[in-house]
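Here is a short briefing to read alongside the model. Take a moment with the fold, then follow the notes below.

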Amino acid sequence: MSVCPTRRRLERQLPFGGILSAHRSLEMHRMDVSPGLRAAASAYLVTGPRLLMAKGALSEMAAQLAPHCPESARLLIPDMLELAEVYSAVSGHRNLRVRLEKITTDSCRKFHVDCVDLRLLRAYVGPGVQWTADEGQTVQEAPTGAVVFLKGKHFPGWDEAEKILHRSPPLSFRPVPERVRLLLTIDEANACGDAAFDMVA
């Protein structure tokens, strides 16, 4: 028996409302990467562009993404759009920026806080985001497939929330076959990806 699409979307949205609590800076929920999504992600790593991006209203996203996504990886698009809808419902933003990126280096290797208000991350391949609440003494890592919401320093009342820093997991220390990630990032459309970070070593 198939699940109603609207019900499925609502079920995905509900767990993430906690990120709006005044004291929280991170909300993570484990989600499996289905065999179909896994195959699509693997295909994307082989033939897809390094960066696939769409910007604007949800209704405009599919038309921007589809022409640049390999046919064998097209199953990624409905999942990306569904998560964009979740992000929109939680954040209240109607114009979004969606990025799918191949990562093979130790990018963003320092712990930092993003210059955004709210960010959604999901690694389809490879490890998820790492974070610390004690300046790196204890480091936690989201598993592959987990969906993570992170508050940035532009979120209203951020100074009063728990202080969590995050980073991309370093890849250079991992076995060669594991030195790749396929990362989905969703922000408000005008978020500046090149903004300065607050960093610690």
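Buried means under 20% relative accessible area, exposed over 50%, and partly exposed in between (1.4 Å probe, protein chains only). This is a predicted model, where local features need pLDDT of at least 70, side-chain atom pairs count only at pLDDT 80 or more, and totals for chains, interfaces and linings use all residues. Residues are numbered from 1 along each chain as its sequence is written, and side-chain values use heavy atoms, with hydrogens and water left out.

**The chain overall**
- The chain has 4 helices and 11 strands, taken as DSSP runs numbered from the N terminus (helices H or I, at least four residues; strands E, at least two).
- Of its 201 residues, 48% count as buried.
- Among contacts (heavy atoms within 4.5 Å) with a separation of 6 or more, 78% join residues 24 or more positions apart.

**Cysteines**
- Cys-69 is buried, with a relative accessible area of 5%.
- Cys-115 is buried too, at 15%.
- With a disulfide defined as a pair of cysteine sulfur atoms within 2.5 Å, the count is 0.

**Helix H2**
- Leu-37, Ala-40, Ala-41, Ala-43 and Tyr-44 are the buried residues here.
- Viewed down the axis of H2, the buried residues fall within an arc of 165°, so they line one face of the helix; the arc is that of the directions from the helix axis to the C-beta atoms.
- Pro-35 and Val-46, on the other side of H2, are exposed.
- The buried residues of H2 pack against strand E2 (51–57), helix H4 (76–91), strand E3 (95–103), strand E5 (118–125) and strand E10 (181–188).
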